[in-house]
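Student: Could you take me through this structure feature by feature, giving the general idea before each case?

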Amino acid sequence: MYKWPFVQYIGVTSTSKSFCIAHTVLLRERQTDFTWALEHLKGMLEDSIEPRVVVTDRDSALMNACKQVFSNATRNLSRWHIRENIKKKWKGIYDSEAREDFALLWTVLCESPTFDDYEYNCVKLQEMLCNIGKEKVWDYIHHSWLDRDKEKIVSCWMADRLNFGETTTNRVENQHANLKRHLNGANNALHALAAYALEVIEAQKVSIGATFEQSRIKLKKDHNIQVFYMLHYKVLIKVLMLLEKEYGKLEKMTESGHTCRHQLRTSMGLPCACEPEQHLNKGVPIPLKSIDPFWRKLDFDPVVA
Ligand SMILES: [Zn+2]
């Protein structure tokens, strides 16, 4: 059986190291159908690794199936899908400027780093929509999404649980579109469909392999510092970029007396801004084991449990 030893989250979404595997072709989309597909998917993953983050749209059959099959995973909602749903409520004259304003404020709201920011950003979005007579759109956003599911959508809540920075299913949508480009209309023989799907998967494998390779051999000048010494060539390049950005916050934190709420640790499995004091001050390298295994897997080999 084809094994994917490095997939740790699915759906629906991915970082550079997971395949598009959740767009299962199903004739019906009942919970039992989704469960069937996800159980098979689970069987294709290494025993020692299960997806830890799942992002979906708000299809309750799919969400329930994910909960049943991957009960330990963090389950979030795709912001892209939500925005598409909101757009459908946007009736009347098409005003591109207003839509752009909305898109920006919606993004800022979703990315609110603190609860205070969230409250402030809600007011800004509400004001913007009310000013152009779209109160009903705000009511819809507020009651249908934020009231019900803000913990699965907005950064300040999501940061308390692992999410690996994934907030949409766009990557999977892209791969789905890729597959569709191969297809010749709706009627394809099963063996042809399987061959196309394999082709798309292999292309992803090549691209993922390239990110592994780059991380194993490349080092940015800015990352060639003592504190990162034990991480060089052993973690995805993205990790060093995230840590560099995070540690840029240290000075501000010290000035303001605030903490980072350990969000990088809880949401990404990486040392947060307040962890490295000893590393930065004393020049002690960050140990590899403080990096979540997700970021350390730079090959396609089976995981040793
Ligand atoms: Zn912290």
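Tutor: Let us begin with a pair of helices: α1 passes α2 in a right-handed crossing, a term used when the near helix is turned clockwise from the far one by less than a right angle. Helices here are DSSP runs of H or I with at least four residues, and strands are E runs of at least two, numbered from the N terminus. This is a predicted model, in which local features need pLDDT of at least 70, side-chain atom pairs count only at pLDDT 80 or more, and totals for chains, interfaces and linings use all residues. Residues are numbered from 1 along each chain as its sequence is written, and side-chain values use heavy atoms, with hydrogens and water left out.

Student: At what angle do the axes of α1 and α2 cross?

Tutor: Axes are lines fitted to C-alpha atoms over the stretch in contact, with angles from 0 to 180 degrees between N-to-C directions. Those of α1 (residues 31-44) and α2 come within 8 Å and cross at roughly 40 degrees. That makes α1 oblique to α2, because angles under 35 degrees count as roughly parallel, over 145 as roughly antiparallel, 65 to 115 as roughly perpendicular and the rest as oblique.

Student: Are the residues on the faces of strand β2 buried or exposed?

Tutor: In a regular strand the side chains alternate between the two faces of the sheet. In β2 (residues 53-56), Val-53 and Val-55 on one side and Val-54 and Thr-56 on the other are all buried, meaning under 20% relative accessible area with a 1.4 Å probe, protein chains only.

Student: Which residue in β3 stands opposite Thr-56?

Tutor: Thr-56 stands opposite Leu-77.

Technical notes: Buried means under 20% relative accessible area, exposed over 50%, partly exposed in between (1.4 Å probe, protein chains only). Two strands pair if DSSP finds at least two bridges between them.
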